[in-house]
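Biologist: I would like to go through this model with you, from the overall layout to single residues. Please show the sequence and the structure before we start.

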Amino acid sequence: MNHDSYPDDLIRGVLHTVKSIALVGFSANPARPSWIVTKYLIERGYRLIPVNPGLAGQTVLGQLVYGSLADIPGPVDMVEIFRNSEAAGPITDEALALDPLPKVIWMQLSVRNDEAAARAEAKGVTVIMNRCPKIEFGRLSGEIGWNGINSRILSSKRAVMAEKGFQKRTLGPPGVNPFGARR
């Protein structure tokens, strides 16, 4: 797979299919990007599982923090890596040791490890690198436009609002873009 760019349909499909996300490199500091992303994704209905050995056993944002991926009881759909590119290799290997395998390994902005991606893809796991699921959700749902940022999506259709919460948009049902037009 070409990891220099990803089709919107791939990103939208990933965000539609994953329900549980293990976020490796979580910080309990509300000023850190990993905390902000965790809070945002929880508010969008995802089950976030923070992973940080230094915080293991604590509860942050209503979620129990685990020390490693292997400590998480039950399967996870996606492993999000909030560590540097070098650390992404061993974390990917830890994710590939899980049973069942996660569907997706997602490496945050500026995190790219092509060797780790190749190992994961060889086992049938989808890999997204150098992207942020919070930004992608906001872009694909149209929320990011509220900040004056170009989402690169044009439509004359009204966006689909989330059922609960204040000023939250949704990606819409699978097969439908967030602005209501069928794909």
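Biologist: Which pattern does the protein follow, read along the sequence?

Modeller: This is a predicted model. The secondary structure comes to 5 helices and 7 strands. Read along the sequence, the pattern is α-β-α-β-β-β-β-α-β-α-β-α.

Biologist: What share of the residues in the protein is buried?

Modeller: The accessible surface of the protein comes to about 9,200 Å², and carbon and sulfur atoms hold 52% of that surface. A residue counts as buried under 20% relative accessible area. Of the 183 residues, the buried share is 49%.

Biologist: Among contacts between residues at least 6 apart in sequence, what percentage joins residues at least 24 apart?

Modeller: The protein's contacts are counted here between residues at least 6 apart in sequence. Those that join residues at least 24 apart make up 59%.

Biologist: Which residues of helix α2 are buried?

Modeller: Helix α2 covers residues 33-43. Its buried residues pack against the strands β1 (20-24), β2 (47-51), β3 (59-60) and β5 (78-81), and against helix α5 (133-141). The buried residues are S34, W35, V37, T38, Y40 and L41.

Biologist: Which residue just after α2 takes a positive phi?

Modeller: Helix α2 ends at residue 43. Just after α2, phi is positive, at about 100°, in G45.

Biologist: Are α2 and α5 parallel or oblique to each other?

Modeller: The axes of α2 and α5 are 9 Å apart, and the packing angle is about 45°. Angles under 35 degrees would count as roughly parallel, and 65 to 115 as roughly perpendicular. The angle therefore makes α2 relative to α5 oblique.

Biologist: How many nonpolar residues are in the contact of α2 with α5?

Modeller: From α2, the contact uses I36, V37, Y40 and L41, and from α5 it uses P133, K134, F137 and G138. By class, 1 residue is polar and 1 is charged. The number of nonpolar residues is 6.

Biologist: How is α1 oriented to α5?

Modeller: Helix α1 (residues 8-17) packs with α5 at an axis distance of 10 Å and an angle of about 110°. Angles of 65 to 115 degrees count as roughly perpendicular. The orientation of α1 to α5 is therefore roughly perpendicular.

Biologist: How many charged residues does the contact of α1 with α5 have?

Modeller: D8, I11, R12 and L15 of α1 meet P133, E136, F137, R139 and L140 of α5. The contact has 5 nonpolar residues and no polar ones. The charged residues number 4.

Biologist: Why are α3 and α4 described as roughly parallel?

Modeller: Helix α3 spans residues 85-96 and helix α4 spans residues 114-122. Their axes come within 8 Å. Angles under 35 degrees count as roughly parallel. The pair qualifies as roughly parallel because the axes cross at roughly 15°.

Biologist: Is the crossing of α3 and α4 left-handed or right-handed, and which residues make the contact?

Modeller: The crossing in which α3 passes α4 is left-handed. The contact is made on the α4 side by A116, R119 and A120, and on the α3 side by A88, G89, T92, D93 and L96.

Biologist: Is E115 buried or exposed?

Modeller: E115 is found in helix α4. Its C-alpha lies 7.5 Å from that of G89, which is 26 residues apart from E115 in sequence. Residues over 50% relative accessible area count as exposed. E115 has 54%, and therefore E115 is exposed.

Biologist: Which residues are joined by a cis peptide bond?

Modeller: P100 is found in the loop between α3 and β6 (104-107). Omega of the cis bond is about 5°, and the residues joined are D99 and P100.

Biologist: Is S110 buried or exposed?

Modeller: S110 lies in the loop between β6 and α4. Its phi is positive, near 70°, in a residue other than glycine. With 61% relative accessibility, S110 is exposed.

Biologist: What is the relative accessible area of N130?

Modeller: N130 is found in the loop between β7 (126-128) and α5. N130 is a residue other than glycine with a positive phi, near 60°. N130 is partly exposed, and its relative accessible area is 40%.

Technical notes: Residues are numbered from 1 along each chain as its sequence is written. This is a predicted model: local features need pLDDT of at least 70, side-chain atom pairs count only at pLDDT 80 or more; totals for chains, interfaces and linings use all residues. Side-chain values use heavy atoms; hydrogens and water are left out. Helices (H or I, at least four residues) and strands (E, at least two) are DSSP runs, numbered from the N terminus. Buried means under 20% relative accessible area, exposed over 50%, partly exposed in between (1.4 Å probe, protein chains only). Contact means heavy atoms within 4.5 Å. Accessible areas come from the Shrake-Rupley method with a 1.4 Å probe; for residues, only the protein chains shown count as cover. Axes are lines fitted to C-alpha atoms, for helices over the stretch in contact, and angles run from 0 to 180 degrees between N-to-C directions. Angles under 35 degrees count as roughly parallel, over 145 as roughly antiparallel, 65 to 115 as roughly perpendicular and the rest as oblique. A crossing is left-handed if the near helix is turned anticlockwise from the far one by less than a right angle, and right-handed if clockwise. Ala, Val, Leu, Ile, Met, Phe, Trp, Tyr, Cys and Pro count as nonpolar, Asp, Glu, Lys and Arg as charged, and the others, Gly among them, as polar.
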